[in-house]
Amino acid sequence: MRNRYLRTAFTFTVVTLTLITLFYPSYNNMIHVMKDVDLRLSRDLQWDRAIEWVKANTPPNAVLMTRKPREWAWFTNRTCVIPSLLETESGNPFKDLDINSLISSIHRFKVNYLIVDFLFFMEYPKLNFLYIDPSAAPFDLVFQDVWYSKNNGKIDAYWTYIYNVTLAKHLPDVGWREDTFMDGWSLHLDVRSSGYNASSDGNVYVIMAKGFGISNQSVSYIKHIPTIHTFLYKYIHIRWKTSSNARAYVELWLGSSAKWSYELGTSTTWTESVLTTTYSGPIDGVALYCYCPDNSTAWETAHYDFVLLSMQSEIS
Ligand SMILES: [Ca+2]
């Protein structure tokens, strides 16, 4: 019995050792290849410090969005997704990707961090402002790093930016409902009226204008807001009414230029409108109008109950 046991143990040991001896070189070789790839990619693309930052500063369940999801998943142990269009006319799912589709996929895949590097800059032409000018991005820049490379005496800079895109999912509405209508409005435009005024009772903002005598004239007031981006704030909710000869207008401004204007029209009863902005970019002001298409000389009015810029088509 004992003899048979020993024989079995011996055979087992010999077989195991033989297997290890046979396969260890290729296992060992694989490990070296993988380590090589690991180091080489990491160094070539200059992500080293960005990778360390992700590992040290993001929770293990954070979702990253990057042009190289496999490599970033390998290096950081985080879930990674690629920004890409599902359908595209040009056949290139990267070339046509704009900020609106990027934000949709950020929401869809519950992304927390967006990695923008030189490769991202090259492959997403409609998003290259995220590389060129991070201050224009609608996200929080949480990390940046630069690496310089000397090519034929010329020095090139390669940046890696990491944006926290979580905040973009929970932005509060911007605008005016009640007493926030009271202050900060200033006369913006007065075209040939003989009188104008704007006031708020803490609930409704009223713009009055009279005595144009010629058609298509207007009075408007503007209020400045912190810079926001209409590709995030896509919708304008507005409750308004006018006198029978006036029309209501709303405009979005950046600095001293109007970026988008919309004619609400005439309504002598309160009307709620949800507008979708077609301009995509930053704004820092909203102008409200009392526009008079007729040559009436009577007082005309435009009333605004609320004006809210929002990410959603429903007011939250
Ligand atoms: Ca109100």
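This is a predicted model: local features need pLDDT of at least 70, side-chain atom pairs count only at pLDDT 80 or more; totals for chains, interfaces and linings use all residues.
Leaving aside neighbours within four places in sequence, which residues is Tyr 233 in contact with?

View 1. Tyr 233 is found in the loop that runs between strands E10 and E11, and, once neighbours within four places in sequence are set aside, Tyr 233 is in contact with Val 174, Ile 228, Leu 309, Ser 310 and Met 311. Tyr 233 counts as buried because 22 other C-beta atoms lie within 10 Å, where 20 or more are needed for that label. Tyr 233 and Trp 299 are separated by 66 residues in sequence, and their C-alpha atoms are 34 Å apart in space.

View 2. The domain assignment of the chain gives domain 1, covering 45-169, and domain 2, covering 174-310, and the C-alpha centres of domain 1 and domain 2 lie 38 Å apart. Six residues from domain 1 and five residues from domain 2 take part in the contact. On the side of domain 1 that touches domain 2, five residues are nonpolar, one is polar and none is charged.

View 3. Five strands form an open sheet with mixed pairing, in the order E2-E1-E3-E5-E4. Strand E2 (79-81) and strand E4 (140-151) are the edge strands, each pairing on one side only, and from one strand to the next the twist averages 20 degrees. E4 pairs with strand E5 (residues 154-164) in the antiparallel sense over eleven bridges, and Trp 147 has Tyr 158 in E5 as its bridge partner. Helix H3 (residues 69-76) lies across strand E1 (63-65), E2 and strand E3 (113-117), and runs at about 165 degrees to E2.

View 4. Is Pro 83 buried or exposed? Pro 83 is buried, because 24 other C-beta atoms lie within 10 Å, against the 20 or more that the label requires. Not counting residues up to four places away in sequence, Pro 83 touches Met 65, Leu 97, Leu 102, Ser 105 and Tyr 124. Pro 83 and Ser 256, by contrast, are 173 residues apart in sequence, and 34 Å separates their C-alpha atoms in space.

**View 5. Strand E10 between its pairing partners.** Strand E10 (residues 217-229) pairs with strand E7 (residues 186-190) in the antiparallel sense over four bridges, and here Leu 189 has Ser 220 in E10 as its bridge partner. E10 also pairs with strand E15 (residues 282-292), again in the antiparallel sense, over ten bridges. In this pairing Val 219 stands opposite Cys 290 in E15.

**View 6. The largest nonpolar core and a second one.** The largest nonpolar core has 33 residues, of which Ile 207, Ile 238, Leu 288, Cys 290 and Ala 302 touch the most other members. At least two residues of this core come from each of strand E9 (205-210), E10, strand E11 (235-242), strand E12 (247-254), E15 and strand E16 (300-310), and E15 gives the most, with seven residues. With neighbours within four places in sequence left aside, Ile 238 is in contact with Val 250, Leu 264, Ser 273, Leu 275, Tyr 304, Phe 306 and Val 307. A second, separate core of 28 residues includes Leu 64, Ile 103, Phe 139 and Ile 162.

How values were computed. Residues are numbered from 1 along each chain as its sequence is written. Domain bounds come from an automatic or database domain assignment. Two residues are in contact if their C-beta atoms, placed from the backbone, lie within 7 Å. Ala, Val, Leu, Ile, Met, Phe, Trp, Tyr, Cys and Pro count as nonpolar, Asp, Glu, Lys and Arg as charged, and the others, Gly among them, as polar. Two strands pair if DSSP finds at least two bridges between them. Axes are lines fitted to C-alpha atoms, for helices over the stretch in contact, and angles run from 0 to 180 degrees between N-to-C directions. A residue is buried if 20 or more other C-beta atoms lie within 10 Å of its own, exposed if 12 or fewer, and partly exposed in between; C-beta atoms are placed from the backbone. A nonpolar core is a set of buried Ala, Val, Leu, Ile, Met, Phe, Trp, Tyr and Cys residues joined through C-beta atoms within 7 Å.
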